[in-house]
Structure formats: C-alpha cells, structure tokens
Amino acid sequence: MVRSEGLRRPAATGLAILVVAVAYATTGKLGLLEQVVIAGARVTPLWPPTGVALACLLLAGVRVWPGIALGALLVMATLGPLGPGALAIAAGNTAGPLCSYLLLRFFGFRIELDRLRDGLALVFGGAFAGMLISSGVGSGTLVLTGGLSASEFWASWSAWWTGDAMGVLVVTPVLLSLRTAWWPDMRGWAEPAVLMAATAAVTTAVTNSPLPLLFLVFPLLIWAALRTRLVGAAPCVLLLSVLTVVAATDRRGPFAGHGIVENMVTLQALNGAAALSTLLLAAIVAERDNTYQKIEEACTVLTEVVTSLSPPRTLGRRPLPGERDTE
C-alpha cells in the first residue's frame, strides 16, 4: 500500500506538470495573436501565461514549476530556434511567476481572496513586483543579443512588464475564483451570466464608437464586484481586457487615429484601473461579509451560553380577586 502511494505521487506530479505546460503553451499562442511592435520588440498588451502560471503555483504548489518552464520553451520554439537568447527568455518567464508565488507566500496570501490584504498582495507583490524579473530578463536578453539597442531597453521593458502584470491581474483571479464558483441552484449563475453578457455588449459597443466612452463599462464592473464578488467580477474584467486589446491592436473606435504607444498607454490604464478597482472592491466586500458572519456566530454562541447559565423560571398561580397574599 505504501509503495503504491509512493508510485502514485510522482505520476500525479508528472500529470500536473504536463497540464501546466499545455495550459501555458496554449494561452501563450492565444496571447501571440495580438502583438504590437514597440521600440523594435514584439510584445503583447496582455500576456495570459503569467496569470496561468501563478494560479497553477498557488493551487498545485511549487512542484509544478517545470511545467511553466516547459510551456515557456514550447512558446519560444514557435517563434524560432531555441538559441541561448530564447532559453534565457524562457528562464525569465519561469522565474517571474516563481518570484510572485514566493512573495505571496511571504505576505500570507490566501487563494480565496477574501481579505483586502490578499488583493493588495496580488496587485503589488504578484503582479507589479514579480513581473519585474520576467520583463527585465526578456528585454535585457534582447539588448545583449542585438535584438534591441540600449536606448530602446526602457520602452521595451515597460511594455513587457505591463503585459505580464496585466496577465496576473486579469487571468489569475478568474482561475482562483473557479475553485469556489459552484452553485447547486442554477439560478445562482443567472446574475453573473447577465453581468458578463452586459459587459461584453457594452464593451463591444464602445470599442466600435469613435467617442471616448470606455468609462461606461465601470458601473457594470462595480455592480459585479458588489453583488457577485470575485466569481462574477473577474470574468467581466477578462472580457473587457480581451475585447479592448483586440480593438487597440486593430485601431478601432477610440483607438483609431492614434499612435501605437498612445493606444497602449490608454489600453493599459483602462485595464489596470478596471482590474485594480474590481479586485480590491471584491476583496473588501468578501472581508465585510466574513466579518458579519463571524459576528453572527459569536452572537449565537453568546446566546447559547447565556441561556445555559440562566436559572429556570418557575410559574406560580396568580391570586384570584378577593384573595389576600398570606405571606
């Protein structure tokens, strides 16, 4: 029995690594569909594999990190031969999520994202700090291999870092929310589904209009965060990000008539504000609900204690009219 379990664990770990590699490579191919050229480097405004990698580490543990490395190598292999530069970029793409994971563990991050501190840790530790490694290694490798000049490093690094950070902010909450997104009653799915459909419809409309109306999506995101918390808010942000990235790369609607750098700044400001607002608001609502629940449980326990300590009440007969109290 012990030997059987010992053989089963490496098999389960190997399967998990393979799943992570396939998920990373698949989302990487999807991310490469929308590329832009900034400072001579081809970058993506939204890089989903970083969010997939971090979510896999949080859910399955650090043991699946070879799957991230394998997935990064598969993505690089689709772009050209695996030379020293490609291997260095793949190593940076592996080290970035690992650093984010270690930072989140240091901050006591909980995957339920039901505290404000968890939202702040994911934003500043998981997205902003951790992705400094992948973007720095990637842009630095391009400079060393002659793909970029030294003067183009910062422009390439900022675009690379933003795309990786957006992957964490947009994709990781969706994957973490799926862990608890279960309602036996199908009516529980009605409101999140309506919010997602409304978000997609409004985003499609404003990204095909020449007027700057992108802010009209925010009431839906706030509603989603307040009513459905992360389960409904995270998919809405993902829909908004994907649709706006496509519109920006195609230069449609409010992105028409502007330069690529200006469009990328507008796009990342929109997606960053949407992800930050909904993530932190959903975390605040979850923390408030948990506090109310703890207060109710404490009141219930206190009531039971008071009831158990109170002496039993004796019922006596009331004197009839005309009777005197003899005592």
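Student: In this predicted model, how far apart do the end C-alpha atoms of residues 269–286 lie?

Tutor: UniProt, in an unreviewed entry, lists residues 269–286 under "transmembrane region". In the model the span is 100% helix and 0% strand. Its end C-alpha atoms are separated by 26 Å.

Student: Is helix H2 largely enclosed or open, and how many of its residues are buried?

Tutor: H2 covers residues 48–60 and has 13 residues. A residue counts as buried when its relative accessible area is under 20%. The buried residues include Pro48, Gly51, Cys56 and Leu58. H2 is therefore largely enclosed by the rest of the structure, the buried count being 11 of the 13.

Student: Which residue just after H2 takes a positive phi?

Tutor: H2 reaches 18 Å from its first C-alpha to its last, close to the 18 Å expected at 1.5 Å a residue. Just after the helix, a phi of about 100° occurs. The residue with that positive phi is Gly61.

Student: Why is Leu15 classed as exposed, and what is its relative accessible area?

Tutor: Leu15 lies in helix H1, residues 2–31. Together with Leu18, Val19 and Val22, Leu15 makes a nonpolar surface patch of about 370 Å². Exposed means over 50% relative accessible area. Leu15 is exposed because its value is 54%.

Conventions: Residues are numbered from 1 along each chain as its sequence is written. This is a predicted model: local features need pLDDT of at least 70, side-chain atom pairs count only at pLDDT 80 or more; totals for chains, interfaces and linings use all residues. Side-chain values use heavy atoms; hydrogens and water are left out. Patches are made of residues with over 30% relative accessible area and no salt bridge: like charges are joined within 9 Å, nonpolar side chains (Val, Leu, Ile, Met, Phe, Trp, Tyr) within 5 Å. Accessible areas come from the Shrake-Rupley method with a 1.4 Å probe; for residues, only the protein chains shown count as cover. A salt bridge is a side-chain nitrogen of Lys or Arg within 4 Å of a carboxyl oxygen of Asp or Glu. Helices (H or I, at least four residues) and strands (E, at least two) are DSSP runs, numbered from the N terminus. Buried means under 20% relative accessible area, exposed over 50%, partly exposed in between (1.4 Å probe, protein chains only). The expected span of a helix is 1.5 Å times one less than its number of residues. UniProt positions are given in the numbering used here, feature names are shortened, and annotations may be inferred rather than shown by experiment.
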